[in-house]
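Work through the exercises below with the sequence and the model open. Try each task before reading its solution.

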Amino acid sequence: MSFRATILTLYPDMFPGHLGHSLSGKALERGQWSLDTVQIRDFAEDKHRTVDDTPAGGGAGMVLRADILAKAIDHASAGDDRPRLLMSPRGRPLTQKRVRELAAGPGAIIVCGRFEGVDQRVIDSRGLEEVSIGDYILSGGEPAALVLLDAVVRILPGVMGNDLSGMHESFEGGLLEHPHYTRPQVFEGMEIPAVLTSGHHGEIEKWRKAEAHKLTEERRPDLLPHPVTK
């Protein structure tokens, strides 16, 4: 069973984007995952294919209509139990744990919002899981959907040349990743740490764990277990 992604968007030409290249692109060609898009405007009923309207209660911007988006979702998910995701800055932050959960499943239906937001009624009635890729605002959900899919596709079985390469990356063990080095041995007066060229694998692993913990403590202390205070 391959991972199947369906994207609901007003801009289907934005896909597969960078995912059509490199490892993810080759995996797409091999059928290890698939991608299809649904144009939300196809479900509008007026001649102008209008999908948005002014916000109830007033305010700036426009809101994506519940009735039109619901039709698009129902079309994409008929007889389908894949998770329904809405890329949204107010969603729960995307984590490596959630990425692994998605990668272990059959795929996802991903809604890319636009304008000021999406009518809450379609979020509630269609069980959309709101997902955020960071505390900032994008012009639409398409770049966020590409980021999510990038994270998922790269860890699908057989996509990376060496599946072990994903085991020591940032967030996989609850820590940021340790520093990396390669040749030349000396670069602008800076040498590769001696332990990495020692051949002592136990010491190398110990060094990497210590460096990962140090970096996490400096840059992302929120990832570390908080000490229990009495």
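**Exercise 1: A strand and its partners**

Task: Find the bridge partner of Met87 in E6.

Solution. Met87 is bridged to Cys112 in E6. Strands here are DSSP runs (E, at least two residues), helices are DSSP runs (H or I, at least four), and both are numbered from the N terminus. Now widen the view to the strands. E5 pairs with strand E6 (residues 107-112) in the parallel sense, over four bridges. Two strands count as paired if DSSP finds at least two bridges between them. E5 also runs parallel to E8, joined by five bridges. Arg92 stands opposite Val131 of E8. Strands of a sheet pair through backbone hydrogen bonds, either parallel or antiparallel.

A note on the model: it is predicted, so local features need pLDDT of at least 70 and side-chain atom pairs count only at pLDDT 80 or more, while totals for chains, interfaces and linings use all residues. Residues are numbered from 1 along each chain as its sequence is written, and side-chain values use heavy atoms, with hydrogens and water left out.

**Exercise 2: The nonpolar cores**

Task: How many residues has the largest nonpolar core, and which have the most contacts inside it?

Solution. 
- Step 1. Apply the rule. A nonpolar core is a set of buried Ala, Val, Leu, Ile, Met, Phe, Trp, Tyr and Cys residues joined through side-chain atoms within 4.5 Å.
- Step 2. Count. The largest core has 28 residues, and Phe3, Ile110, Leu148, Leu149, Val152 and Leu156 have the most contacts inside it.
- Step 3. Assign elements. E1, E5, H3, E6 and H5 each give two or more residues to this core. H5 supplies the largest share, eight residues.
- Step 4. Zoom in on Leu149. Leaving aside residues up to four places away in sequence, Leu149 touches Phe3, Ala5, Ile7, Leu19, Leu35 and Ile110.
- Step 5. Look elsewhere. Another core lies apart from this one; it has 22 residues, including Leu8, Val51, Ala66 and Val122.

In soluble globular proteins, nonpolar side chains tend to be buried together.

**Exercise 3: Backbone checks**

Solution. The Phe15 to Pro16 peptide bond is cis, with omega near 5 degrees. Pro16 sits in the loop between E1 and helix H1 (22-30). Arg183 and Pro184 are also joined by a cis peptide bond, with omega about 10 degrees. Pro184 sits in the loop between H5 and strand E9 (186-187).

Task: Are Ser22 and Glu188 buried or exposed?

Solution. Ser22 lies in helix H1. Its phi is positive, about 55 degrees, although Ser22 is not a glycine. At 58% relative accessibility, Ser22 counts as exposed. Glu188 is in the loop between E9 and strand E10 (190-191). Glu188 has a positive phi of about 50 degrees and is not a glycine either. At 67% relative accessibility, Glu188 counts as exposed.

How values were computed:
Buried means under 20% relative accessible area, exposed over 50%, partly exposed in between (1.4 Å probe, protein chains only). Contact means heavy atoms within 4.5 Å.
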